[in-house]
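Dear colleague,

Here is the structure I promised to pass on to you. Please open it first, and then read my notes on what was found in it.

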Amino acid sequence: MEAKPRRHPLFPGNEIEKRDLETPPVFSGIQTDQGLFCPGPVNVSNEVKEALLHPDIGHREVEFTSLLKRIRQKLSSVFGVHNFLKYTSVVINGSGSAANEAVLSSIGRNTRVLVLSNGEFGERLIELSEYYQDNVFTLELNWGESFKPGDIEKALDKYKPDLVAMVHHETSTGMLNPISLVGKLCRTRKVQLFVDTVSSLAAETVDVEKNHITYCTSSSNKAIASVCGLSFVCGRVSAFESLRDVRRQTRYLDLYRHYKYESDLNQTPNTPSLTVYFALETALNQILQDGLPARMAKIERKARLLRSEMAKMGLEAIIPEKQMSRVLTTLRLPDHISYDYLRDALKKRGFVIYGGKGPLENKVFQVANIGEIDDQSIRKFVMALRESLAQA
Ligand SMILES: *Cc1c(COP(=O)(O)O)cnc(C)c1O
C-alpha cells in the first residue's frame, strides 16, 4: 500500500514529501563547502570532518574519560599554561557564550565587577554581569575606541572591583585590547581578571599565566578551527576551588560543578555531545603539531595578504592596522554599496562574509582569515570581491 503523505504537525496543509524523509537528507542543493571568510563558524580541515564520524562510544566509559583528559591538557597548553597544577581547563557543551555565562553566574552576586567595553562583545559582558551581579561598573567606550591606560587605572581606583571583565579581541570591530597591561594593573591591586578570548585563542598570544588571568574563556569554532558546540574556561585552580562556597545562580552552567566533575573524574555533569569532542581533539592536535607561534604566523600572513589586496581596491579599514587583531579586517562599505548587495554578490560566488552590528550596521563589512583557508581560496575570494565591487 502506498503511504499517504503525512501532514506537518506545525504547518497543517504543508505536506512532508517522501523525498524529505530520505537519508541522507537533501541539503538544499549545497554540494561544496561555502568559503567562510566570517569570524566563525570557520571551514574545518578534512581531518576534523572525519573525526565527526568516530565510532559511537558511551560517555561514562574510559574512552571518553581519557579523551576529555587529553583535551583539557592540550587546551591548557594552547591557553599558555606551563604549571598544570596551578591552572586547569574546563570544557562546557555550548557556544562561546556558555563559558562566559558559566563564569559570571558562578562568581557570586556580591562580587564587584568592572567591565571594560568598546564593542558588541564588551556590551554583552555588561549585560551578562547585570543578570548575576548587583554591583556592576563599566568603563564603556565607543565601538572601536581604544582604552587608555590612565583611564583603566582611574576606573580601578574609583570602583575598587573584585574582578575586571574584558574582551581580548573585540570581534565587532577587529580591535585587540591590552590584556597584558590590564593583567599588570590587576596584579598590583590583587583584583581578579576575566578575559573573553573566544575569537583570539590560537590566533593571538593569550598567555593566561603571564598575564595574570583568573578565568579565560574561548570556544571551538573560531581560531581553534573545529566545529561549533564546545566552550572552555581556563583558570587558576585556586579560583575554581574558591567557588565551592559561593551561592551559585544556575545549575546547568555552574562552573564549580563542571570544574569538580572534570578535575576529579574527567567527566561532564551532563551528557556531552561526543562527536564535537573528537573533532576538537583533532583540531588541537593540528595546532600543537604546527606549534602555536607557527600557527599564529600563518594566520598573520593570510591577514597581510588579504589586507594588501583589499587596500589595492581602495577599501579602507575602520581602525589603524596596529590596533587590529590578525583574525579579521573590518572595512568601510564604499558609499554606493549596501551590505546586503555585497553579501549576496559574494555568496553567489561561493563566499560568506560578515556584517556590522549596532552602530556599524550597514556601514562596514568584515573579512576573517581563520580556519581552513589556503592561498588559492584567498586569491579566489579577492577576485570575487573585486568583481562584486566593480559590478555594484
Ligand atoms: C563569537 C564570540 C563570542 C561567543 O559567541 P557565540 O555566539 O556564543 O559563539 C563571545 N565573545 C566574542 C569576542 C566572540 O567573538
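This is a predicted model: local features need pLDDT of at least 70, side-chain atom pairs count only at pLDDT 80 or more; totals for chains, interfaces and linings use all residues.

Lys190 sits in the loop that runs between helix 6 (179–189) and strand 10 (192–196), where helices (H or I, at least four residues) and strands (E, at least two) are DSSP runs numbered from the N terminus. Although Lys190 is not a glycine, its phi is positive, at about 55 degrees.

Residues are numbered from 1 along each chain as its sequence is written, and side-chain values use heavy atoms, with hydrogens and water left out.

The protein is divided into domain 1 (35–44 + 291–390) and domain 2 (49–289), with bounds that come from an automatic or database domain assignment. The centres of the two domains, taken over C-alpha atoms, are 26 Å apart. Where they meet, 26 residues of domain 1 are in contact (heavy atoms within 4.5 Å) with 32 residues of domain 2. Together the domains bury about 2300 Å², 60% of it on carbon and sulfur atoms; buried area is the accessible area (1.4 Å probe) that two parts lose on being put together, summed over both. In domain 1, Val44, Leu292 and Arg295 lose the most area to domain 2, together 25% of what that side buries.

Across this interface the rule finds two salt bridges, a salt bridge being a side-chain nitrogen of Lys or Arg within 4 Å of a carboxyl oxygen of Asp or Glu. The side chains of Glu204 and Arg326 form a salt bridge, at 3.4 Å from N to O.

Finally, the residues around the ligand (those with a heavy atom within 4 Å of it) include Ser97, Phe121, His169, Asp196 and Lys222. A polar side-chain atom of Ser97 lies 2.5 Å from an oxygen atom of the ligand, whereas a polar side-chain atom of Asp196 lies 2.7 Å from a nitrogen atom of the ligand. In the side chain of Lys222, an N or O atom is 2.7 Å from an oxygen atom of the ligand.

With best wishes

Definitions and conventions: A polar contact is a pair of N or O atoms within 3.5 Å; within protein, one must be able to donate a hydrogen and the other to accept it, and residues adjacent in sequence count only if both atoms are side-chain atoms.
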